[in-house]
Amino acid sequence: MEQSHELSLVTLPVSRAHPARAIHCTTADGGHLTLRPLLLGDAEQLEEATRESLPELRAFMPWAHQEPSLVAQLERRRATEADYFAGRDMAMGLFLPDGRL
């Protein structure tokens, strides 16, 4: 007789249909990082990081040729958050234990 396994958020297989809310990682030096979806609340950090990295980003990212703005970042985060939880796109960020990118 087969054992039945009750599904929960812990046991549910991660897939586009059931994306992970967070994946906790341990670095080679024992540090901790969290890989999780980019959310609306991350907009300010992402806008700041984008401004700091514009020269490098412009070589690879077409959107980096426009002047960054918090409003544009909020619009992108709103769209990517909805797409993530709908299983359409998996935009994620790597975060330190204190929540910084």
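Let's start with T80. T80 is buried, with a relative accessible area of 15%. Buried means under 20% relative accessible area, exposed means over 50%, and partly exposed is in between, using a 1.4 Å probe and protein chains only. T80 sits in helix α3. Leave out residues up to four places away in sequence, and T80 touches L38 and A91. Touching, or contact, means heavy atoms within 4.5 Å.

A word on the source. This is a predicted model, where local features need pLDDT of at least 70, side-chain atom pairs count only at pLDDT 80 or more, and totals for chains, interfaces and linings use all residues. Residues are numbered from 1 along each chain as its sequence is written, and side-chain values use heavy atoms, with hydrogens and water left out.

Now the overall layout. The protein has three helices and three strands. Here helices (H or I, at least four residues) and strands (E, at least two) are DSSP runs, numbered from the N terminus. In what order do the elements run from the N terminus on? They go β-β-α-α-α-β.

Next, some totals. The protein has 101 residues, and 23% of them count as buried. Take the contacts between residues at least 6 apart in sequence: 55% of those join residues at least 24 apart. The protein exposes about 7,500 Å², with carbon and sulfur atoms supplying 58% of it. Those areas come from the Shrake-Rupley method with a 1.4 Å probe; for residues, only the protein chains shown count as cover.

On to helix α1. It spans residues 43-52, and A43, L46, E47 and T50 are buried there. Seen down the axis of α1, the buried residues fall within an arc of 100°, so they line one face of the helix. The arc is taken from the directions that lead from the helix axis to the C-beta atoms. What do the buried residues of α1 pack against? They pack against α2 (54-58) and α3 (70-86). Turn to the face away from the buried side, and you find the exposed residues E44 and E52.

Q73 gives us the view from the other helix. Q73 is in α3. Is Q73 buried or exposed? Q73 is buried, at a relative accessible area of 2%. Set aside neighbours within four places in sequence, and Q73 is in contact with A43, L46, E47 and T50. Those four are buried residues of α1. Also, Q73 and D42 are 31 residues apart along the chain, with their C-alpha atoms separated by 9.0 Å.

Now A86, also in α3. A86 counts as partly exposed, at 44% relative accessibility. A86 and H18 are 68 residues apart in sequence, and 8.6 Å apart in space, C-alpha to C-alpha.

Last, the rings. Rings of Phe, Tyr and Trp (its six-membered ring) pair if their centres lie within 6.5 Å; planes under 30 degrees apart are stacked, over 60 edge-to-face, and the rest tilted. How many aromatic pairs does that rule give? The count is one. The pair is Y84 with F85, edge-to-face, at 5.1 Å centre to centre and 85° between the planes. Y84 is buried, at 1% relative accessibility. F85 is partly exposed, at 35%.

The rule is NZ of Lys or CZ of Arg within 6 Å of the ring centre and within 35 degrees of the ring normal. R36 lies over the face of F95, 3.8 Å from the ring centre. R76 lies over the face of W63, at 5.3 Å from the ring centre.
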